[in-house]
Structures are given as C-alpha cells and as structure tokens.
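Trainee: Please show me the model. I would like to work through it with you.

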Amino acid sequence: MPREVVPTKTPMPEQDPKERVRNFREVPYGYTEELAIQEALRCLQCKKPTCIAGCPVNIDIPGFIDLVAKGDFLGAARRIKATNLLPAICGRVCPQEEQCEKACVLSKKFESVAIGRLERFVADFERETGQIQRPAIPRRTGKKVAVVGSGPAGLTVAADLIQQGHEVTVFEALHALGGVLVYGIPEFRLPKSILEAEVNFLASLGVQFEPSYVIGKTETVDELLERFDAVFLGVGAGLPHFMRIPGENLNGVYSANEYLTRANLMRAYMFPEWDTPIKKGKNVAVIGGGNTAMDAVRTALRLGAENAYLIYRRSRAEMPARLEEIHHAEEEGVQFRLLENPTRIIGDDKGWVKEIELISMQLGEPDESGRRRPVPIPGSEHRLEVDTVVVAVGQGANPLLISTTPGLKTNRWGYLEVDPETGETSRERVYAGGDIVRGGATVILAMGDGRRAARAIHERIR
Amino acid sequence: MRKIVAKEVLAPGIKKFVIEHPQIARKRQPGQFVIVRVHPEGERFPLTIADADPERGTITLVVQEIGHSTLELGRKEPGDFLMDVVGPLGRPTPIRHYGRVVCMGGGVGVAEIYPVARALKEAGNEVVGIIGARTRELVIMEAEMRSATHQLIVCTDDGSYGVHGLVTRPLQEMIDRAERIDHVFCIGPVPMMKAVAEVTRRPGIPTSVSLNPIMVDGTGMCGACRVTVGGVTRFACVDGPDFDAHEVDFDELMKRLAQYRVEEQMSLEMLRRRIEEAGLARAAS
C-alpha cells in the first residue's frame, strides 16, 4: 500500500481543560478505531526498525502497528503482550518521547508515530471488548516465588513466572495493589479501574496477593527464603526527599508522596464521604519538574486551588516530566515559575504556611546529570503568597526492608547492587529490580528489570 | 480482613479489642504499633500494640474514641472484621537492664506503656509505674500495671482517686527526694510528655517518649509523621516512635497534630448524625 507521509500525529480527543480541572476523570479519551488506523498508517514499516531498540522491553512495534493498520486490533494486542503484559498502563505513563518515539525514523523530520497512543488503544480495545486472552499455563512446577512490592517491577515478575508454572505470591505493604501506579499516579492519568483489571487478570492466572503485609516487619526476607525458592524485591524507592530549608515542617507542607497518597489512594478528593482529609489550598506551590510534580500540581487544581504554581529551578527545556503532562498542565492553567528555587518557607503564628521565599536562578555549565547547572542569582530573593507547599524533588531508598535483611549490598545512595545480567542481589536467591535498584526511574524500566529477573529466577529454580 | 475476637469497655470512651493476626502476634515487640483501617473508605491510622498472645495468634489494641475513625472502630463488636491491620511497625523500645526505671502512662497511654513496663521488669529492672487520668473512672489497666511494676502510683487530675494532681507531681517528688532513677519512659498526651521532659531535663534523667504524630502509610513513604528531634527532621514511623524527650520539639508536634482539626470536626459530626439517624430509625421500626 503506497503511503503518504503525514507530518503530524493524529490528535487524541481529550476532555476540555476547563471541564477537566474540576474532575478526576481521565484526560485523554483515547483513539477511536478510525483514528487508530489513520495513525497506524503513518508508520513507514521500516525494514530496519529503530523504534524497537528504543523500548526497554523491545516490543515488536512495527509488527503491532501493522496489525492495527489492518484493523486486527486483537492481534495487535497479543503481539504487544508477547513482551509487555501491561500495555494499558505503559501506553499511558511511559515517557515515549524519550524512548520508542524518539527512535522513530519519522521523528527526524516530522512528528514520530504516536506509538504510545496506539499501544493504549489496542490494550483498551482488548479489555473493553472483553476479549483478553488467557495464556495457557503449563503444569505446575511446585516451585514458589515471593515477590515483594506490587508495582510495575513486581507485577511483571509475577506475570512472567506464573506463566512458567511457578507459584507466585505478591506481598504489598499498602492495602491496595499497584505500588506507585495506585498511590502516586492520579486517576486523571491512570484510572484505577485499568490497574484493577490488570491485577485481576494476574489473580485469575493464579497469582496470590497479600496486601497490608510489610516484608521486613510482618515477615523478614530470611523467613521468606525458608518457604519460597526465590524472592524478588521490587519495593520502589519510596523515601521522600525534602529540601532541608527552614519551615519545611510547617502545617500545609507535604511531600509529594503524602499529597498524592492522600488524594489518590485514600481519595481525599471525596472527603468527607471518604474519611481521609487533605488541605485544599487556595494558593499551592509545588516544587519540582518531574512527573510527580506535574501530578501534584494538577491534583491541586482539581482540589480547587485558585493559583497552582510549579516552581522549578531550571528552565522548561530541562524539565524531566513527560511532554504530554507539561502540555496538559499548561492547558489547565498551572502557573510555571521557572528558574526559581525555594530558600525558606514562612509560617504564621499558628504554624501554618503563609509565604514561600524564592531565589531566581540562572543556568551555568552542565553538571553530572548533563543538564545545565542552576545557579542562584545573589540578592534576587522574593516572596510568593501560598498556603500549601508540595515538595516533589525526588526520593531515596526506603531503608525499612534493607535494614532488616542482613547481607544485602547497597551502593552509596542506599540502592541495591545487583548482577546486571540476572538482577540477583548479594544474597543468593534474592533478586531485585525497579526503583530500589535504579533510584527514581520509569515504569517501563522497572518492567524491563522484572522481566530479566523473572528469566533468571526461572533458570535457577526450574 | 482481620477478625475481632473480644472487646471490653475499659472506661467511658476507652475500649479494648483483641484481634486475630498471628504474624503480628508472633513478631511484635514493646513500643511497636499497627496501622488500622476500619472499612474501605476509612482512614489509615496508627495504634500502639498493647499486648499480644503468640499462641492464640492475637494482638490487643486499646482505643480512645476521640475522632471519626476511632469512634467507628469503637462501634465494632466481636465477630466483626477490620479492613486492614498492618504491622508491627516502628522500632521496638530498647529493653535492657537500666537499673531503676519509671514508666509513666497518661490516659490511654497507660495501655501503651504497659508492655514496655512488663518487658523492663522481665529484663530485671526495678520498675516504678506512674499512671494518670482526668478522673477515677478513666483510670485503665491498673491491675495489669500493678503486676508489671514493683510500685505503682495512680494520679487523677481531680483527686477523685490516688494522688491528686498530674503524673509529674510524684515524679518531681521522687527527684526531690533524690531517689535513684536511671531512665524514664513516658507515653501519653503531648502536653503530658512535654511536662515530663521538663521535669527530668534539669536533673538530666534520660527520658524516652513515644510520639503519636499523624501518619498515613506508616512505613516511611509519605513523611506525614515528621517530627523535629535535636533540630533534625525524623520520621516517627520508621525512626521512632520512641525519641529522646529532651530533644523533641513538642510545640511543633502539637501544631502538626492540629492540622486537620476543622476536617476532623466536620467528619465527626457527620458520623454522629448518621449514628443518631440509624438509632432513630431502629427505634421507630
């Protein structure tokens, strides 16, 4: 079929910004069948596709897109699922512009193929039409694997190993499954129903889930090793960083983790029907430039903020957040305060946040991260009136599990050291992946780690 | 889901629950707590583990009905279930041979100091207990505390029972008499812990308090429970809940505990109205 190059991505219909800032429903509606086919036809079907290498789990991207173009959406879903079991999630939260879409040949001259949107479309099609295919599970091997943490890494390990016939139990400290996908990513970006569908699917294959069970406390890793043949640690990073500036313990100052956990997991936006409250600030400042900061500032708007500021010490070009989220935030009226950095938070006499003091920044030479280093401009301090501050400047390794597991080797940041080929830690039969190894990374990288560890675990115990 | 196997009213508004949870019963040590969620729409909140029976696989929680969630928990009966009970969380209180120790509990804090006192006694310490409540009928677990200590002093604010006055009074008197005190352990309302810290500061008696800030996850993930100790921010859920009383910024803790007062009031009134309406409906039928 002769194909004409279409320079821009097929737009995805989405909720009107004026409307959506008042609700927590998902922003993009997703492609229709027609739009999906239209977008799929933009793919050049390169003889030597470069996009596949851009994907941490190496999805057969041209293969599934070709099936979409032919209208075989179920076939496309199955093609993706051969390598990625959570496409409905990845299609929504992966930073595609940094991965597959960056490697797309079209992106050299035009907009890349909307690989993420197409991935999302086929996953949604399969689920919404009730045609999710159950893989054939081989005979039970009798081997048992414990997975600690139910985030993207853990779910991938569970999915891969249950399909090899092993018994898998997933332990989760929170009461809800999904890790960062459930407490950290708001409903307007990843509806809980989609996550639930993925978890239910794994449960239907026989994966056991033990929520509200803290490994390291309720049971130690050493105890798990007595009753399981292998243990995978996918516990995430999960220790919020603060800025260590005066006023950070004032009332109304949240870590992004707390703010998002209250809002998403505990549904504080439904208070008082749900019991968990949250401070619904009028003037909210969110510090940071990543996806978490973007999620927090957009949540603030939906909770009713009149002014939602995003304060980031570099310029827009260095922001680590997904492009789509930055666009969405701008459309919704988030006020970007770039090249500014907080120096202190000022409270009233009752201990509540009243103002934040900022200092203007300029960009100097690139630092270790390759981004230009922000440098404060002396004497440029100024104040902004706020009643809520959300600190979203990243996180570190939560020591809870590591401190109760003797012999686990960590690097200088407290993250686990693993064999890069297998994901095995310094403890035999104990594997790890995702943020507890990498520090704050992405869902798809965590899944790649899970896949590699699952392969190594299978090799060892089969 | 965790089953309630027994319930007892210890005092008006203070209830004791025995809950099935074999893993926590086996693991818990004095000073540790659990995070509880009563029903699917409920809050997550911490409760100190007052006791445990590893053989029966149960833990004991003592709850004072002060807000929405504790009031809802208080209405549960044996045979009912709690949505989640997570733990045991927090660092255990360091139990060793100190010599002569004073274990102080105020209000519902008596239930929390009890396992600490008992463990300290078992570790060979001479244990003096000082417990207090506003009035006679609010004094709880006196018999248990008597068995866990060598000497027990009971105080009431209104003088209706035992020593008239706050728990700091007999403590101050011990200090004035130059009695040997090697360590003080104190659990109770923040103003009480702060007052005890002031009493022991000058004579330099090592004092531990168990802090009760607002928590969400209880595993170090959210940072809601941060407290300033010795000028440094600590997370009570993983670094505590026990801290050196002389280093704690109690004023900040009190402010942080008041963060949701307006919301708590609103939510409590809603619940009371609901309970009242349910009662009226039952009476009418």
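Trainee: How many residue pairs are in polar contact between chain A and chain B?

Mentor: First, the ground rules: this is a predicted model, where local features need pLDDT of at least 70, side-chain atom pairs count only at pLDDT 80 or more, and totals for chains, interfaces and linings use all residues. Residues are numbered from 1 along each chain as written, chains are lettered from A and ligands numbered from 1 in the order written, and side-chain values use heavy atoms, without hydrogens and water. A polar contact is a pair of N or O atoms within 3.5 Å; within protein, one must be able to donate a hydrogen and the other to accept it, and residues adjacent in sequence count only if both atoms are side-chain atoms. With both residues at pLDDT 80 or more, the count between chain A and chain B is 22 residue pairs.

Trainee: Which element gives the most to the side of chain A that touches chain B?

Mentor: Helices (H or I, at least four residues) and strands (E, at least two) are DSSP runs, numbered from the N terminus. Those giving two or more residues to this side are β5 (238-240), β6 (253-255) and α12 (256-265) of chain A. The top contributor, with four residues, is α12(A).

Trainee: What area is buried between chain A and chain B?

Mentor: Buried area is the accessible area (1.4 Å probe) that two parts lose on being put together, summed over both. Carbon and sulfur atoms give 55% of the area here. On chain A's side, K217(A), N249(A) and D275(A) supply 20% of what that chain buries, more than any other three residues. The area between the two chains is about 3500 Å².

Trainee: Which residues form the salt bridge across the interface of chain A and chain B?

Mentor: A salt bridge is a side-chain nitrogen of Lys or Arg within 4 Å of a carboxyl oxygen of Asp or Glu. The rule finds one across this interface.

Trainee: Is E72(B) buried or exposed?

Mentor: E72(B) lies in helix α2 (residues 68-74) of chain B. Leaving aside neighbours within four places in sequence, E72(B) is in contact (heavy atoms within 4.5 Å) with D275(A), H39(B), L271(B) and R274(B). A polar contact of 2.8 Å joins the side chains of E72(B) and H39(B). Buried means under 20% relative accessible area, exposed over 50%, partly exposed in between (1.4 Å probe, protein chains only); at 12%, E72(B) is buried.

Trainee: Which residues of chain B are in contact with W274(A)?

Mentor: W274(A) is found in the loop between α12 and β7 (283-287) of chain A. W274(A) is buried, at 15% relative accessible area. Beyond four places in sequence, its contacts in chain A are M266(A) and R267(A). Those in chain B are P40(B) and E41(B).

Trainee: How many residues apart are R298(A) and E325(A)?

Mentor: Their salt bridge has its closest N and O atoms 2.9 Å apart. R298(A) is buried at 1%, and E325(A) is buried at 2%. R298(A) sits in helix α13 (residues 291-302) and E325(A) in helix α14 (residues 323-332) of chain A. The pair links parts of the chain at a separation of 27 residues.
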